Number of protein chains: 2
Amino acid sequence: MPREPRAPTLPLPRGDGLSLRAAIHRACLDAIVAGRLPAGSRLPSARQLAADWRVSRNTVDDAIAALQADGVVVRRVGAGTFVASVPPRRKAAMRETTAAARAVLHDVSRWTRRTTERDAPGAVPRPQAFVAGLPDVDAFPLALWRRLTAARLRTSGRDLLGYAPPAGLPALRSALARHLALSRGLACAPEQVMIVNSTMQAVDLAARVLLERGERAWIEDPCYPNLRSTLAMAGVRAVGVPVDAAGLDVAAGCARAPRAALVHVSPACQYPLGVALAPERRRLLLDRAAARGAWILEDDYQADLALDGRPPAPLAAVDRSGRVLHLGTFTNAVYPSLRLAWIVLPAALVTTFEAVRAQLDHHSNAVAQAVLADFIDGGHLAAHLRRMRALYAARRDALLAALARHGVPAERIGPAHAGMHVAVHLPRSRPDRAVAARAAEAGVAVMPLSRYAVAARVNGLLLGYAALDERALTLAAVRLAPLLR
Amino acid sequence: MPREPRAPTLPLPRGDGLSLRAAIHRACLDAIVAGRLPAGSRLPSARQLAADWRVSRNTVDDAIAALQADGVVVRRVGAGTFVASVPPRRKAAMRETTAAARAVLHDVSRWTRRTTERDAPGAVPRPQAFVAGLPDVDAFPLALWRRLTAARLRTSGRDLLGYAPPAGLPALRSALARHLALSRGLACAPEQVMIVNSTMQAVDLAARVLLERGERAWIEDPCYPNLRSTLAMAGVRAVGVPVDAAGLDVAAGCARAPRAALVHVSPACQYPLGVALAPERRRLLLDRAAARGAWILEDDYQADLALDGRPPAPLAAVDRSGRVLHLGTFTNAVYPSLRLAWIVLPAALVTTFEAVRAQLDHHSNAVAQAVLADFIDGGHLAAHLRRMRALYAARRDALLAALARHGVPAERIGPAHAGMHVAVHLPRSRPDRAVAARAAEAGVAVMPLSRYAVAARVNGLLLGYAALDERALTLAAVRLAPLLR
């Protein structure tokens with residue numbers, strides 16, 4: 001009788017940081033779920049798999065025992081190990097996604113339709129000249145963060161597993177209150193600090209707690225596009241208010257939407273234009289909010305990355321009417337995938353926000369919060385920000401110098417006193433979308449300023465410089481400059 | 001000349017897992033921010049502090065250098081180190097919170113007012129008899145989790161710092177798709193899996209993407225209270241549909257709100273009653289959704305903790321109309337503070353949900369996702385769930401045996417085939433809130449079932465047993481039983 005033909009060996013995934021046992025377990029599962037090992041088929045023998053993969057017989061036995069415990073395979077003494085009946089993967093479930101997604105647009109809410117038509121999901125942003133909004137994560141002290149994480153999981157890991165308070169871990173709220181007092185002159189009690197996942201979550205929460213549906217809110221025009229979507233998603237009617245060299249034009253806002261219940265403003269560094277709110281505008285805005293009973297959402301955007309000296313104190317530090325909610329994020333100061341941000345609430349709103357947050361997504365990841373508290377308390381956040389300010393200032397200087405050397409007039413270039421990007425304005429005769437398309441052909445990614453406009457006639461490009469070294473910035477500037485002259 | 005009086009030593013916080021240098025840094029900051037060391041005052045000398053605290057002079061010097069770098073203290077050669085001008089903490093900012101929070105209720109949105117009046121934020125839940133909704137985190141393999149975390153940060157930490165895809169890390173989406181295929185018979189492509197922070201975030205997202213404001217949704221009555229708040233917050237009008245021994249009464253739903261655009265249902269284990277949706281009801285519900293073009297949000301609550309054999313397949317596994325969104329959470333299967341959950345989306349909705357999520361809070365914490373992917377791929381999730389099912393089954397059995405021994409009639413006790421709690425029904429003559437109050441006097445925490453009702457006349461108690469050992473459960477049952485007979 002001829003010997004049974006040798007069963008084909010399964011491919012063994014490697015290099016994913018999995019243990020050998022886990023890799024074998026996964027290889028078998030993949031083959032079963034994908035139908036390469038159908039129900040009833042015999043698994044290659046442990047001896048054969050061990051020989052094929054050059055691993056110990058014990059490791060293979062362990063992996064197969066785990067499959068057996070999962071009910072995925074059945075061992076029959078003397079006969080071998082057989083694949084149990086498991087559901088096949090539905091065939092090509094994703095193939096018709098694009099067409100189907102288009103069809104389903106008739107089936108989703110109106111604002112979703114508008115939002116997805118305007119802002120299709122792009123690829124995850126990666127550092128390249130001049131993609132904006134990315135900090136230099138290579139400069140982040142990862143080894144230190146790893147040590148702090150290990151220490152926290154070792155010393156208080158078990159205490160961190162259960163539910164945490166909706167407003168955040170007390171240690172982080174205290175650490176952040178201290179940090180804000182020192183770095184931003186904002187005196188607040190730790191109880192006023194609420195930890196959230198992102199500034200947009202803060203906007204969403206604030207809009208739904210503070211406003212009735214259909215009420216109006218001022219937003220800066222141009223502004224961060226996600227802000228418009230988030231407010232629309234919360235049922236708020238956003239009204240664009242122009243921004244000039246002195247920041248938000250408060251008088252224009254009063255004329256356009258005098259009864260707006262909320263104002264979103266980024267006084268330290270306006271996104272995307274980079275201007276700061278002038279002192280007389282600050283006073284006007286605070287007076288108006290107090291008189292009208294409007295709320296101010298102050299996004300302290302890029303204040304921790306002020307490159308030319310200390311930025312002015314936040315509105316929340318001078319407000320006496322209890323109408324300012326102060327927002328900030330750790331996305332740029334620490335790293336983007338941490339997903340931690342904050343709101344400093346007027347004391348009267350604390351209980352209400354806690355009650356609402358507890359019912360929505362409860363709280364933010366607790367281990368991340370605990371490690372961040374230690375990072376701040378150990379003085380590492382302040383030290384990291386000092387290093388990043390020096391690094392980004394040098395990069396900004398290199399970019400601006402290269403643009404100047406290659407003939408881009410200084411008056412075209414917006415303020416770059418804070419943050420990670422600079423706006424370059426273009427004459428009307430050269431529409432920014434066309435220039436951005438030509439730049440892309442030259443291998444340079446730039447975002448047209450008009451993309452950020454609500455109704456404002458802005459025309460220019462946004463150049464991010466934070467995540468690239470000076471040489472890369474200079475090289476890209478050389479390629480871009482001819483389009484800007 | 002008498003010597004200058006010795007400056008009082010600052011209290012040195014210890015035992016918080018901080019390094020000595022960080023503890024000193026924090027002690028000084030605390031004293032400065034709290035005003036105990038006012039601006040202009042001289043810091044005790046480094047030599048004196050080192051002697052007082054019995055630490056090395058170098059450590060103190062390092063901490064003071066960090067304060068100096070922060071601009072908090074100024075060193076004057078020959079004169080000493082002085083506190084710079086920093087803003088004082090606003091006095092007793094939180095003292096009037098309660099009164100002010102009451103006043104501010106006239107200032108927040110109507111649904112916020114209703115929500116916070118109904119559900120004031122309670123304390124963070126801790127294990128005690130019979131608090132429901134807490135898994136036994138002491139049984140979680142924390143040492144293993146710590147090793148997986150360290151390995152991930154070591155091998156791919158830098159890659160995990162930047163933005164991640166809005167739907168989640170590919171590794172986790174794949175691992176979860178495999179896990180759901182094997183454990184729940186749900187065949188889906190990894191691309192259909194979206195990682196979110198909580199099932200309530202999933203409900204919020206789905207309601208806002210799929211429904212226009214003011215549209216109706218069925219919810220089970222009684223149900224999880226946060227579900228009502230979340231739907232209200234999303235602008236949806238929730239209609240309670242009664243639950244009987246066969247689960248959601250689909251016919252009653254059709255009579256009450258025939259044109260509902262969405263149905264929220266927990267077919268495996270209804271919260272809080274513990275019943276499963278009967279086969280004929282499942283068919284009726286799927287047919288109705290397909291005929292009406294309604295969406296089904298299937299919360300696969302407690303299916304992974306089925307204690308008496310395999311639960312029926314989820315609705316999403318048998319649906320052919322592409323109208324079922326399948327939700328689940330890692331809160332009980334892994335641990336609560338992880339804040340990770342999932343939606344399995346019909347293929348046609350994937351792109352739309354990605355676009356919306358990207359604009360709201362972007363994505364969930366990436367390191368947590370990566371570690372969880374390894375936990376699942378290594379077979380550890382399946383193994384942990386096997387252990388927890390055995391543990392919880394034994395605890396359930398101990399509780400039910402103790403109640404029976406102490407005279408609680410078996411017909412009063414609801415099904416307990418899955419999960420972490422059981423409902424005990426009471427005769428109308430004994431209102432559950434009164435019984436719960438008497439139980440609290442006896443030192444036993446129980447939740448009245450009427451708290452979960454929309455309009456249903458449920459009367460009973462919810463007893464959680466997952467986080468307590470059999471002895472504690474038995475002792476508490478002895479104290480509670482006289483109130484239930």
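User: Are Arg395(A) and Asp136(A) buried or exposed?
Analyst: In this predicted model, Arg395(A) and Asp136(A) form a salt bridge whose closest N and O atoms are 2.8 Å apart. Arg395(A) belongs to helix H15 of chain A, whereas Asp136(A) sits in the loop between helices H5 and H6 of chain A, so the pair ties together parts that are 259 residues apart in sequence. As to accessibility, Arg395(A) and Asp136(A) are both buried.

User: Which residue forms a salt bridge with Arg178(A), and how far apart are the closest N and O atoms?
Analyst: Arg178(A) lies in helix H7 of chain A, and the pair links this helix to H14 of chain A, 199 residues away. The partner is Asp377(A), and the closest N and O atoms are 2.7 Å apart.

User: Which residues are joined into one network with Asp204(A) by salt bridges that share partners?
Analyst: Within chain A, the side chains of Asp204(A) and Arg208(A) meet in a salt bridge with an N to O distance of 3.1 Å. These two residues are four places apart in helix H8 of chain A and are therefore separated by about one helical turn. Asp204(A) counts as buried at 4% relative accessibility, and Arg208(A) does so at 2%. Through shared partners, the salt bridges join Asp204(A) into one network with Arg208(A), Asp204(B) and Arg208(B).

User: How many salt bridges does the rule find across the interface of chain B and chain A?
Analyst: Over all chains the count comes to 26 salt bridges. One that pairs residues of the two chains is formed by Arg110(B) with Glu212(A), where the closest N and O atoms are 3.6 Å apart. Across the interface of chain B and chain A, the number found is four.

User: What area is buried between chain B and chain A?
Analyst: In terms of contacts, 124 residues of chain B meet 124 residues of chain A. Leu161(B), Tyr163(B) and Gln359(B) supply 8% of the area that chain B buries against chain A, more than any other three residues. Carbon and sulfur atoms give 59% of the area buried between the chains, and that area is about 10400 Å².

User: How far apart are the end C-alpha atoms of helix H7 of chain B?
Analyst: Eleven of the 15 residues of H7(B) are buried, which leaves the helix mostly covered; among the buried residues are Arg173(B), Arg178(B), His179(B) and Arg184(B). H7(B) is followed by Gly185(B), which has a positive phi near 65 degrees. At 1.5 Å a residue, H7 of chain B should span 21 Å, and this agrees with the distance between its end C-alpha atoms, 20 Å.

User: Which residues have the most contacts inside the largest nonpolar core?
Analyst: Beyond its neighbours within four places in sequence, Phe130(B) is in contact with residues including Leu399(B), Val444(B), Val446(B), Leu462(B), Leu473(B) and Leu480(B). The largest nonpolar core has 182 residues, and those with the most contacts inside it are Phe130(A), Phe130(B) and Val334(B).

User: What relative accessibility does His384(A) have?
Analyst: His384(A) is part of helix H15 of chain A. Apart from its neighbours within four places in sequence, His384(A) contacts Ala139(A), Phe140(A), Pro141(A), Ala333(A), Val334(A) and Phe375(A). His384(A) counts as buried, with a relative accessibility of 1%.

User: Which residues does Ala439(A) touch, not counting residues up to four places away in sequence?
Analyst: Ala439(A) is placed in helix H16 of chain A and is buried, with a relative accessible area of 1%. Ala439(A) and Ala404(A) are 35 residues apart in sequence, and their C-alpha atoms are 18 Å apart in space. The residues that Ala439(A) touches are Val444(A), Val446(A), Leu480(A) and Leu483(A).

Technical notes. Residues numbered from 1 in each chain as written. Chains lettered and ligands numbered in written order. Predicted model: local features only at pLDDT ≥ 70, side-chain atom pairs only at ≥ 80, totals over all residues. Heavy atoms only, no water. Expected span 1.5 Å × (residues − 1). Buried < 20%, exposed > 50% of the residue type's maximum accessible area, 1.4 Å probe, protein only. Core = buried A, V, L, I, M, F, W, Y, C linked by side-chain atoms within 4.5 Å. Contact = heavy atoms within 4.5 Å. Buried area = accessible area lost by both parts, 1.4 Å probe.
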